[in-house]
Amino acid sequence: MDKIERLAVFTSGGDAPGMNACIRAVVRTALFNNLRVYGVLRGYQGMIEDEFKPLTSRSVSNIIQRGGTILKAARSADFMTAEGMQKAWQNLKSHQIDAVVAIGGDGTFKGAEAFCSLYPDIKIIGIPGTIDNDLSGTDFTLGFDTAINTVIEALDKIRDTAASHDRCFFIEVMGRDSGCIALWSGVAGGAEEILLPEKVSDLEALVAKLEEGKKNNKSSSIILVAEGEKNGGAQEVAAHLKRMLPHYDTKVTVLGHVQRGGSPTAHDRILAAKLGVWAVEALLQGKNRQMIGIQRGEMALTPFSMATRQQQPLDMELFRINQILST
Ligand code: F6P
């Protein structure tokens, strides 16, 4: 097994709360094992542009509670080219880096897999860092718990005004092609309906449900819409409803990037600590080209190719539960 002496860590793709806590865990675990550690700024783009900086234990002091990422994040088109990857490899070699911890999502791991095929002398372990919770091989990704807590905080506030004005609110949440944020925050926030990319939305049934609610003296409603929902998002669904029920007072709120910010929850900080420690230990044990995750509380390693091949299936039992409770 090749000895690892120098490790680099970077964050890539969309930032997610808990990334800083995870950088801290990676850096301190590496130092604990007598490795030298470098942070790469701006993900793969910084790797191409030689933005490496040595990190010490003090470099990661007082960041456990901070949202965003001190290493910055980017989506790099250059890294998708052979020249970009070669430049990144040359820079890693010039800093004598043997191993890398990549914190990111789907695109980050697809990039890592392609890079490992071309340059197998650099070992890479990935840590799932995305609010979307859409990766196979882990029950939770870093940032998801914080994001759904942000959503329900907003939803609770909207509920106050929705009830005061007898309005029907459509709240659009992030998640790209995944409905995980919408489903979990919809159940936690008591949404009347949750519209998901994974399930064909029956808008006629939604109209009927809202009318039924009216008959049962329900004067306001909250519909949670995942951004990847197939009717085109909250604006389109609200417009459809308005055509069907012109007397309804409808409003749309798109939560947007507020879901990506904020101080990580305790759940995300603990996940960051576990995944950060496990990632470095996995590299020291000779593991490579895999994402480290958590499944039923246990550490789980999944090859990059599997983690990105299919999206984590949604827990449709949660959807069924919400149908029962949202009457
Ligand atoms: O992957 C995280 C995410 O926030 C998705 O939920 C969303 O679709 C996307 O990133 C937005 O990306 P950007 O910040 O580049 O607009």
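**Domains and ligand site**

Visitor: Which domains does the domain assignment of the chain give, and how far apart do their C-alpha centres lie?
Guide: In this predicted model, the assignment gives domain 1 (6–143 + 264–309) and domain 2 (146–260). Contact between them involves 14 residues of domain 1 and 12 residues of domain 2. Their C-alpha centres are separated by 34 Å.

Visitor: Which class of residue, nonpolar, polar or charged, has five members in the shell around the ligand?
Guide: Among the residues around the ligand are Ile131, Gly175, Asp132 and Arg176. By class, the shell has two nonpolar residues and three polar ones, while the class with five members is charged.

Visitor: Which residue has a polar side-chain atom 2.5 Å from an oxygen atom of the ligand?
Guide: Histidine 257 places a polar side-chain atom 2.8 Å from a ligand oxygen, and arginine 260 likewise has one at 2.8 Å from an oxygen atom of the ligand. The residue with such an atom at 2.5 Å is glutamate 227.

Visitor: What share of the ligand's exposed area does the protein bury?
Guide: The space taken by the ligand is the largest pocket. Taken alone, the ligand exposes 400 Å². Of that area, the protein buries 75%.

Definitions and conventions. Residues numbered from 1 in each chain as written. Predicted model: local features only at pLDDT ≥ 70, side-chain atom pairs only at ≥ 80, totals over all residues. Heavy atoms only, no water. Near = heavy atom within 4 Å. Polar contact = N/O pair within 3.5 Å; in protein donor to acceptor, adjacent residues only side chain to side chain. Areas by Shrake-Rupley, 256 points an atom, 1.4 Å probe, with all protein chains shown as cover. 1 Å grid on protein atoms, 1.4 Å probe; cavity = no way out; pocket = protein on both sides within 12 Å on 5 of 7 lines; lining within 4 Å. Sits in = over half its atoms within 2 Å of the grid points. Nonpolar A, V, L, I, M, F, W, Y, C, P; charged D, E, K, R; others polar. Domains from an automatic or database assignment. Contact = heavy atoms within 4.5 Å.
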